Amino acid sequence: ITKTENEEFVVAVLGSSESLQVGEEVVAIGNPLGTLGGTVTNGIVSALDRQIMVDNIPMTLLQHNAAINSGNSGGGLFNMAGELIGVVNAKSSGSDVEGIGFAIPSSTAYGIVQDIIANKSSTDKAYLGVEIGQTRQGYVYITKIYDGFDAQKAGLKVNDIIFTVDGTMITSSNALSTLIASYCVGDTVEIVIY
C-alpha cells in the first residue's frame with residue numbers, strides 16, 4: 001500500500017479483548033496463502049483463554065472458528081463493531097481438525113506494543129509452563145505440565161488447584177494467565193496449591 005501526501009491512512013480502532021464473550025461473532029481479515037490479500041472470514045469466539053504451545057512457547061490465546069490458512073498470521077481479528085480484538089497467529093491443522101484458529105488478545109498485543117515503544121524491544125514475559133482448567137466453582141487447576149518449564153522444576157502436578165500467586169487469590173484461569181504474564185523471566189513467585 002502506498003500513500004500520497006494528500007491521503008490519510010485508515011486505522012483500526014483497538015477494542016477490548018477482555019470484554020469478549022464466548023459465542024460472540026468475529027471476523028478475521030488477512031492474506032491466506034500469501035496471495036489472497038484482504039480476505040475476510042467469519043466465525044465466533046470459542047474460548048477466551050486457551051493455553052497452547054506455539055513454536056514451543058506456551059501462549060494464552062483467543063480461540064475462534066473463523067477460517068484461517070497459511071499466510072493469515074498477523075492479520076486482525078475484529079468484533080462486530082469493527083474493533084481490533086486480536087492478532088491472528090495460529091491454527092490447529094491435520095486431517096481430523098477443522099475450524100480451530102487462535103489469536104493473540106488485543107490486551108496482550110497492546111502491552112507488547114507499549115513495551116516495544118518504551119524499551120525499543122519487548123522484554124521477556126514469564127511462563128509457568130502449564131495448561132489450566134477451571135471448575136464451575138471457579139477453582140483453577142493444572143491439566144498439563146510442559147517439560148522444562150518452572151512448574152515442572154518446582155514440583156507442581158496435574159490436578160493441583162492453584163489458590164494464590166504471590167498472595168493474590170486466583171479466581172479464574174484468565175486471572176492466573178494475566179498475573180503470570182505481568183512477571184518477567186527470572187522473577188520468583190510464591191504459589192499456594194492444593
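Select the second largest pocket of this predicted model; about 400 Å³ of space lies in it. A pocket here is an open set of points on a 1 Å grid over the protein atoms alone, where a 1.4 Å probe fits, with protein on both sides within 12 Å along at least five of seven lines. The volume is the space filled by probe spheres set on the points, which are joined across faces, edges and corners.

Next, show the 20 residues that line the second largest pocket (an atom within 4 Å of a point). A126, Y127, L128, D150 and D187 lie nearest its centre. Helix 2 (residues 150-153) gives the largest share of this lining, 3 residues. Helices are DSSP runs of H or I with at least four residues, strands are E runs of at least two, and both are numbered from the N terminus. Colour the lining by class: 13 residues are nonpolar (Ala, Val, Leu, Ile, Met, Phe, Trp, Tyr, Cys, Pro), 4 are charged (Asp, Glu, Lys, Arg) and 3 are polar (the others, Gly among them).

Move to helix 3 (residues 173-181).

Finally, colour by pLDDT, the predictor's confidence in each residue from 0 to 100.

Residues are numbered from 1 along each chain as its sequence is written, and side-chain values use heavy atoms, without hydrogens and water. In this predicted model, local features need pLDDT of at least 70 and side-chain atom pairs 80 or more, while totals for chains, interfaces and linings use all residues.
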